[in-house]
Every structure is written in structure tokens, then in C-alpha cells.
Amino acid sequence: MNNLIITLKKLIQLQIYDQEIIDLEEEINSIPDQISQLEKTIESLQKNLDTDRNQLKDLQLKIKNRELDLQSVEQQIKKHTQELNTVKTNEQYRALLTEIDNLNKQKDQVEIEIIELMETIDKSKAKTAAAEKEFSLKREEIQKQIENLKQKKQNLENTLTEKIKEREDFAKNIQQKFLSQYERIRKSRDGAMSPVVQTERGYSCGKCNMRLTEQEISDINKYEEFIFCSSCSRILYIPKDLEEHQNIE
Ligand SMILES: [Zn+2]
């Protein structure tokens with residue numbers, strides 16, 4: 001058994017742990033944004049509903065004012081009708097009749113407006129009621145999604161804690177010297193390990209595509225020490241050798 005091959009295999013496994021940890025962290029970090037997006041959706045739906053409610057309130061205020069106008073016109077009509085009994089001249093009488101006639105026309109106009117407003121209010125009420133119902137359903141659905149996301153985040157955090165522990169335990173089985181080299185490269189690169197790729201044109205680093213020399217391949221094949229890619233500095237290995245080694249084990 002070649003110790004360096006065993007170490008390389010362990011480091012490849014360690015890299016899998018590290019990638020899993022990175023993926024978990026990314027997923028966890030994306031959740032608060034998702035939650036805040038959902039909260040914004042609720043706020044925006046709430047605003048739309050508030051607009052409907054305010055429109056209804058405005059209409060209700062408008063109709064109240066028109067009803068007061070109607071009352072005032074009716075009072076004037078009543079007052080002038082009573083005055084008809086007290087006028088002294090025909091001229092005054094006719095003037096009052098004209099005045100009453102004009103007021104009656106005003107009254108008709110206001111009544112028409114009130115009826116129209118009542119119809120608009122009915123429509124607005126129905127629209128607001130439907131919007132309220134829809135909002136309440138949507139909010140409930142979104143709140144459920146938020147709760148699920150919070151739960152998911154909690155679960156992912158637990159998984160992450162376990163994964164980090166597993167990774168640390170696993171790393172204990174790797175010689176400190178090699179582990180340090182791995183860690184140093186990992187900090188500046190995404191993944192410290194790179195498989196050698198063989199094509200018709202020769203060998204190259206699987207991560208950065210740098211061409212490798214026959215000498216480098218021969219050095220890797222010795223499995224005495226790590227051979228680093230001259231371009232990206234990653235630790236090179238030949239996948240086939242590691243697979244074969246597994247079969248021998
Ligand atoms: Zn490279």
C-alpha cells in the first residue's frame with residue numbers, strides 16, 4: 001500500500017466534505033433573503049388592500065357630504081314653501097316659486113348623484129371584500145412558506161454542525177503535513193485537488209487546463225510527494241491510479 005495514494009484519496013474525500021459544507025452554508029445564507037422577499041410580497045399586497053379600503057372610505061365620505069347637501073336643500077325648500085303663505089305681493093310669490101323650482105332641480109341632481117355613489121360604493125365594497133379574502137389567503141400561504149423556510153434553515157444548520165464535526169473527525173486521520181498543504185491551497189482556490197486529464201494531445205490539469213509535461217506525470221506516478229500544478233498550485237492526482245489502488249485494498 002502506498003501511503004501517499006491513501007493520503008490523496010483521503011484529501012479527495014475531505015474535499016467532498018468541504019464542498020458539502022460550502023453548499024450548505026450558501027443555502028443557509030440564501031434563506032434570509034428569500035424570507036425578506038416573501039415579507040415584502042405581503043407588504044405590497046397589504047398596500048394594495050389599503051388602497052382599496054381608502055377608496056371605499058373616500059366614497060363613503062363623499063356620499064355623507066351629498067346627503068348633508070340634500071338635507072340642506074330640502075330645508076330650504078321647506079322654508080320657502082312656508083314663506084309662500086306670508087308673502088304680500090304676486091311678484092314675491094312668483095320669485096319664491098322660481099326659487100323653489102330651482103331648489104327642486106338641485107335636489108333631483110343631488111339625489112341622482114347619491115344613487116350613483118351608492119352603486120359605486122356597492123361595487124367598491126364587493127371589490128374590497130374579495131381583495132380582503134384573497135389577501136388573507138395569500139398571507140396565510142406566504143406565512144406558511146416563511147415558517148417552512150425558517151424550519152429548513154434550522155435543519156440545514158443542524159446538518160452543517162454535524163457535517164463540520166464529521167469533517168474534523170475525518171481530517172484527524174490525515175497527516176498534519178499534508179493536511180496543512182491542502183488547507184493552504186484550499187483557502188485561495190475552490191478545491192485544492194485536481195485530477196490529471198488525459199487527451200489525444202497529452203496530459204493537463206483538470207482544474208485549470210494547464211498542459212503537464214511527461215516529467216510531471218512521471219513524478220506524480222512515483223507517489224512519493226505531492227506534485228503541484230505549476231499554474232494553479234493544486235495537488236495533482238491521476239484518478240485511474242487511485243481507483244486501481246482501491247481494488248488492491
Ligand atoms: Zn492547474
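This is a predicted model: local features need pLDDT of at least 70, side-chain atom pairs count only at pLDDT 80 or more; totals for chains, interfaces and linings use all residues.
**Exercise 1. An asparagine to set beside it**

Task: Work through N209 in the same way: where does the residue lie, what is its phi, and is it buried or exposed?

Solution: 
- Step 1. N209 belongs to the loop between β2 (202-205) and β3 (211-212).
- Step 2. Its phi is near 70°, again a positive value in a residue other than glycine.
- Step 3. Inside 10 Å, N209 has 11 C-beta neighbours, so the residue counts as exposed.

**Exercise 2. The overall build**

Task: Describe the protein from its secondary structure, its dimensions and its share of buried residues.

Solution: 
- Step 1. Start with the inventory, which is five helices and four strands. Along the sequence they come in the pattern α-α-α-β-β-β-α-β-α.
- Step 2. Look at the outline. Along the principal axes, the C-alpha atoms fill a box of roughly 130 × 40 × 30 Å.
- Step 3. Compare with a globule. The radius of gyration is 42 Å, whereas a compact globule of 249 residues would have one near 18 Å.
- Step 4. Finish with the contacts. Taking those between residues at least 6 apart in sequence, 74% join residues at least 24 apart.

**Exercise 3. Helix α1 and its partner α2**

Task: How do α1 and α2 lie relative to each other, and which residue classes make up their contact?

Solution: 
- Step 1. Two packed helices are described by the angle between their axes and the distance between the axes. Here the axes of α1 and helix α2 (residues 90-171) cross at roughly 165° and come within 6 Å.
- Step 2. An angle over 145 degrees counts as roughly antiparallel, and α1 and α2 are therefore roughly antiparallel to each other.
- Step 3. Their crossing is left-handed. The residues of the contact of α1 with α2 divide into 35 nonpolar, 15 polar and 27 charged.
- Step 4. Zoom in on I31, a residue of helix α1. Apart from neighbours within four places in sequence, its contacts are L149, K152 and K153. The C-alpha atoms of I31 and K153 are 6.8 Å apart, although 122 residues separate the two along the chain.
- Step 5. I31 counts as partly exposed because it has 17 C-beta neighbours inside 10 Å.

**Exercise 4. Helix α1 and helix α3**

Task: Which residues of α1 meet α3, and at what angle do the two helices pack?

Solution: 
- Step 1. Helix α1 (residues 3-83) packs with helix α3 (residues 176-188) at an angle of about 40°, and their axes are 11 Å apart.
- Step 2. At that angle, α1 and α3 are therefore oblique to each other.
- Step 3. The crossing of α1 past α3 is right-handed.
- Step 4. On the α1 side the contact has T7, L11, L14 and D18; on the α3 side, F178, Y182 and R186. By class, the residues of this contact are four nonpolar, one polar and two charged.

Definitions and conventions:
Residues are numbered from 1 along each chain as its sequence is written. Axes are lines fitted to C-alpha atoms, for helices over the stretch in contact, and angles run from 0 to 180 degrees between N-to-C directions. Angles under 35 degrees count as roughly parallel, over 145 as roughly antiparallel, 65 to 115 as roughly perpendicular and the rest as oblique. A crossing is left-handed if the near helix is turned anticlockwise from the far one by less than a right angle, and right-handed if clockwise. Two residues are in contact if their C-beta atoms, placed from the backbone, lie within 7 Å. Ala, Val, Leu, Ile, Met, Phe, Trp, Tyr, Cys and Pro count as nonpolar, Asp, Glu, Lys and Arg as charged, and the others, Gly among them, as polar. The radius of gyration is taken over C-alpha atoms; the globule rule is 2.2 Å times the number of residues to the power 0.38. A residue is buried if 20 or more other C-beta atoms lie within 10 Å of its own, exposed if 12 or fewer, and partly exposed in between; C-beta atoms are placed from the backbone.
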